[in-house]
Amino acid sequence: MRIGLLTDGGYPYATGESRLWCDRLVRGLTQHEFDIYALSRSAQQEGRGWIALPPQVRQVRTAALWAPADDGRTYGRRDRRRFAAHFKQLAAAICAAGEDPAAADDFAAGLYGLADLARERGGLYAALRSEVAVRLLEAACRAPGARRSVHATGVTGYLAFADHLERALRPLSLDWYADGDGSGGGDGDSSAGGLAGVDLCHAASGGSAALPGLLAKRFFGVPLLVTEYGVQLRAHYLASGGSAAEPAGTAALGAPVRALLAGFQGRLAAEVYRQAAVITPGNAHARRWQERCGADPAKLRTVYPGMEAERFAAVGESDDGGDTDTVVWVGRIEPAKDLVSLLHAFADIRTARPGARLRIIGAPAQGAEAADYPAHCRALAAQLFPDEAPDAHAVGENPVSFEEIGCPEAPELPDAYAAGSVVVLSSIVEGFPLSLVEAMFCGRATVSTDVGAVVEVIGGTGLVVPPRNPKALADAVVGLLADDERRERLGAAARARAVELFTVEQNLAAFRSIYLEIVSHAPVRRPAEAVGADGAPLPFAHPAEGHVPSRWPVGATAGTTAGAGESDV
């Protein structure tokens, strides 16, 4: 079948959160064809280009959410009235308090009304930034029944929210919704048509990435599958609170604007979940978020991220359990990982085991705190653990080292986990803990904080302690360092669990089955060319060979290939 893969800030770009699992999905499902519809988040991301794409990718169409997109179009009086009516519904729903079903219906009506207008009359860029939009937004914020948190929004707040809203709704104005005749622009092979020609839309995240899928369902009846390994609404709430795991710039906005953005993201998430045929959270933690945002539990199917077990097989199957006095931490150095608590815990570990070492292996995160936080952690380590020397003639050495993947001691990621006998995860905020799964593949005993999906992932094969509790973390690590048999037993159980649940093969099998299930339950969509000018069906408009789910072999005869070409099934 033909899949429309919808991404936001990831695949097929060389950077981004969804690029790895999307690439594994596309490469693994060789029997399907993929059209990629990608939203980019920055000029830097576009500048780094795409990763190499497999042959089953038929076309790639992209759009930038970071740059101005004024197409120069303005609406006449009648279209301005249409815009005002639809935007008024949308704004009222965003500002409305509580879980009012009427507000959800108003949001959907306003959203699809704007989509219809953009499809018929051109882009919404100027209209969404117009004085009319700002005045309607102001009226919605001050209307009876609006949330108290948006009442204090000022002119600068309205303008800032209008800017964010226009970027979030930019997919409504794209030319991806042609009727399958190849009209419309975009990168890649434009002759392949738009989303009308796909059998299934698969959104790699919620939010703006799923908007093209909503419109494909509305305009053409294409079923929608939504996968969220990190819930977009949760990420937005973390951003509003100033966490380290957020889209840049959100935390700097005022409280009323953040409340408006939260209202928009909440309404959009609820509509995406309502229209999706199936929703695949990456873990139970994400599933609980989706249910609280209105997702129907009957639509939810947990599909764990697939990881390459072979990459860690040499370490996991080795008899070498690592240095029994070395503790390893692997990840991105950012405040959410709480390395401060880890360093204080290691001070207690050193008291119990003076020969212990802590190796922090990773890279700084992106953002304003990318340089500050690692520097703070290095300074704290130097303060807590002055360089020590065994005698007066030896050079002092700090028991805590900060390293990066690719250094001589850890040239590859598996080497980082192989360096120690215990792997720790000290996070205070976590979604699906990929580093923990990697440690499990390597057969290492682990000590983790109880955040996100940690308990679900570890499943009793490692130790779990409360977050922000250095003493509990230290006690658990010391206990494992002192018990070789327990470490070996937990490491073997962890590897067995990871191989059973978190491999690429498991992930591909799940999506292969879900694709077939969704399409088998979707109503048959008949293209326009199957109907004559009088509205009557055209007999033999679709030859049987046009539904064969594969390409014809090179040696096929001319008579066999006539009218068939590449399958759209």
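These legends walk through several close-up views of a predicted model. Because the model is predicted, local features need pLDDT of at least 70 and side-chain atom pairs count only at pLDDT 80 or more, while totals for chains, interfaces and linings use all residues. Residues are numbered from 1 along each chain as its sequence is written, and side-chain values use heavy atoms, with hydrogens and water left out.

View 1. Asp23 sits in helix H1, residues 19-28. Helices here are DSSP runs of H or I with at least four residues, strands are E runs of at least two, and both are numbered from the N terminus. With 17% relative accessibility, Asp23 counts as buried (buried is under 20% relative accessible area, exposed over 50%, partly exposed in between, using a 1.4 Å probe and protein chains only). Setting aside neighbours within four places in sequence, Asp23 touches Tyr11, Ile51 and Ala52, contact being heavy atoms within 4.5 Å.

**View 2. The cis peptide bond between Tyr11 and Pro12.** Tyr11, one of the contacts of Asp23, is joined to Pro12 by a cis peptide bond with omega of about 5°. Pro12 belongs to the loop between strand S1 (2-8) and H1. For context, most peptide bonds are trans.

View 3. Side chains of opposite charge can pair when their charged atoms come close. A salt bridge here is a side-chain nitrogen of Lys or Arg within 4 Å of a carboxyl oxygen of Asp or Glu, and the whole structure has 27 of them. In helix H6 (residues 131-142), Glu131 and Arg135 lie four residues apart, about one turn of the helix. Their closest N and O atoms are 2.8 Å apart. Glu131 is exposed at 53% relative accessibility, and Arg135 is exposed with a relative accessible area of 53%. In helix H10 (residues 255-275), Arg274 and Glu271 are three residues apart, again about one helical turn, and they form a salt bridge at 2.6 Å, N to O. Arg274 is partly exposed at 37%, whereas Glu271 is buried at 3%.

**View 4. Glu403 and Arg359, a pair between strands.** This salt bridge has its closest N and O atoms 2.7 Å apart. It links distant parts of the chain: Glu403 is in strand S9 (residues 400-403) and Arg359 in strand S8 (residues 357-364), 44 residues apart. Both partners are buried.

**View 5. A salt-bridge network.** Arg129, Asp163, Glu166, Arg167 and Arg170 are tied together in a network of salt bridges.

**View 6. Two residues with positive phi.** Most residues other than glycine have a negative phi. Asp338 isn't a glycine, yet has a positive phi of about 50°. Asp338 is in the loop between strand S7 (323-333) and helix H13 (339-352). Arg468 isn't a glycine either, and has a positive phi of about 55°; its loop runs between strand S12 (463-465) and helix H18 (470-481). As for cover, Asp338 is buried at 9% relative accessible area, whereas Arg468 is exposed at 61%.
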